[in-house]
Amino acid sequence: MPLSAGPRAVTARLMLPMIPGAGRVDDAAVLFVGRRILAAGPRRQVLRGFAGPVEDLGDAVLVPGLINAHSHLELSGLGGRSPRGAGFPAWAVWLSGQDLSPPSADVLAAAVRQMAATGTAGAIDVGSRAGPAVVAALAAEGLSGLVCHEWFGFRRFPAGDPPPVLPPALEAAVRPAAGVRAAPSGHALYSTSPENLLRAREACRGLGAPFCLHLAETAGEVELLATGTGELAALLLGRLLPRGYRPPGRSPVAEALSLGLLGPDTLAVHAVWLSGADRRILADTGTVVCLCPRSNRHIGVGTADAPALLAAGVPLCLGTDSLASNDDLDLWNEVRALLADHPDFPGQALLPALTATPARLLGRDRELGLLAPGAVGGYAVVPPDLAGRLA
Ligand SMILES: [Zn+2]
């Protein structure tokens with residue numbers, strides 16, 4: 001959507017405002033400046049007395065600007081080169097051999113522009129090397145976001161002198177007024193010590209931010225935590241995992257529960273390898289799951305059982321993951337992949353996953369993920385091939 005200075009309006013056949021209790025609006029209009037919504041509702045009502053430019057989008061379906069609940073913008077320079085379908089160990093070995101220095105501002109700007117051009121208005125982005133540049137790239141394009149500084153590794157820190165949970169440069173770079181904030185996150189149970197994960201999680205609570213964690217992405221992760229063996233163990237034991245590592249002997253979800261890492265303010269990313277008991281734990285704790293269907297397919301880790309998660313009552317989000325494991329950052333393509341994997345998945349459950357659920361997770365459900373006066377996420381247009389499934 002244009003980021004021009006003056007108020008503009010669009011009209012369309014249908015609008016789904018994603019406001020609790022509010023239904024769909026036929027013959028709708030949205031009045032906005034940049035991504036700030038001034039009014040949204042029935043066309044005749046919204047446009048009464050408005051003399052500015054109006055664009056008629058015809059048969060379009062308008063929804064709130066989308067939120068990409070899992071990206072790694074700092075990996076945007078690695079697009080098109082990673083192995084496909086070779087499994088997680090091969091992908092991780094490939095990644096560790098790449099130049100992981102922060103991408104140029106141009107590369108980051110192009111990645112964020114791609115998000116914006118495909119209807120994304122906010123992102124929960126995870127990284128450890130380029131936080132300040134990611135904040136700047138998001139803010140420059142007018143996207144809201146949470147830039148997560150990822151804790152990784154089993155390093156112990158002096159009890160009385162732990163390092164700050166956020167790098168000072170990232171803390172100095174955040175732009176709360178522009179809607180871009182920062183928080184720590186944890187990488188995964190197999191890569192980061194319980195102490196470091198808990199410290200990051202507690203810091204998130206203090207900041208009022210969600211705690212993000214890759215969880216149950218691969219069968220190897222399940223096997224490593226259960227028995228200390230398998231393909232991920234072969235890759236990590238003696239390297240990342242400390243000498244004398246003892247597996248907890250339970251599933252990733254059960255281990256995350258026992259460590260106190262789950263809850264409605266936790267975003268568990270991937271959740272591919274779950275038992276029924278795991279799904280019940282996620283539902284009972286209110287833990288939000290971010291599905292990344294195309295990344296899972298690209299790396300070759302399996303397919304998350306989205307219908308079973310939905311049926312269990314687990315709140316869902318969608319994320320693209322990074323260009324190191326995906327072809328683009330277009331969330332609509334994530335929807336297409338999920339529906340291809342699960343043709344019977346109820347499409348109406350996907351719009352909340354793209355809007356209201358991640359907005360609530362961010363604690364910003366009055367300004368993101370809805371089309372209402374005061375919202376700052378703009379609007380998105382449902383692609384015609386998806387309109388019948390989602391609306
Ligand atoms: Zn990730």
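Student: What kind of model am I reading?

Tutor: This is a predicted model: local features need pLDDT of at least 70, side-chain atom pairs count only at pLDDT 80 or more, and totals for chains, interfaces and linings use all residues. Residues are numbered from 1 along each chain as its sequence is written, and side-chain values use heavy atoms, leaving out hydrogens and water.

Student: In which sense do E1 and E5 pair?

Tutor: Strands (E, at least two residues) and helices (H or I, at least four) are DSSP runs, numbered from the N terminus. Two strands pair if DSSP finds at least two bridges between them. Strand E1 (residues 8–15) and E5 are parallel, over two bridges. E5 and E14 run antiparallel, joined by three bridges. There, proline 64 stands opposite tyrosine 379 in E14.

Student: Into which domains is the protein divided?

Tutor: Domain bounds come from an automatic or database domain assignment. Domain 1 is 8–64 + 378–390, and domain 2 is 66–361. Their centres, taken over C-alpha atoms, are 31 Å apart.

Student: How do I read the size of their interface?

Tutor: Interface size is often given as the accessible area lost when the parts come together. Buried area uses a 1.4 Å probe and is summed over both parts. Here the two domains bury about 1400 Å² between them, with 64% of it on carbon and sulfur atoms. Arg35, Arg389 and Leu390 supply 48% of the area domain 1 buries against domain 2, more than any other three residues.

Student: How many residues are in contact?

Tutor: Contact means heavy atoms within 4.5 Å. By that rule, 13 residues of domain 1 are in contact with 21 residues of domain 2.

Student: How many salt bridges are counted between the domains?

Tutor: A salt bridge puts a side-chain nitrogen of Lys or Arg within 4 Å of a carboxyl oxygen of Asp or Glu. The count between domain 1 and domain 2 is one. Elements giving two or more residues to the side of domain 1 that touches domain 2 are strand E5 (61–64), strand E14 (379–381) and helix H16 (384–390). H16 gives the most, four residues.

Student: How many salt bridges does the whole structure have?

Tutor: The search finds 13. One joins arginine 43 and aspartate 27, with the closest N and O atoms 3.0 Å apart. Arginine 43 lies in helix H1 (residues 43–46) and aspartate 27 in strand E2 (residues 25–33), 16 residues apart. Another links aspartate 385 and arginine 336 at 2.8 Å, N to O.
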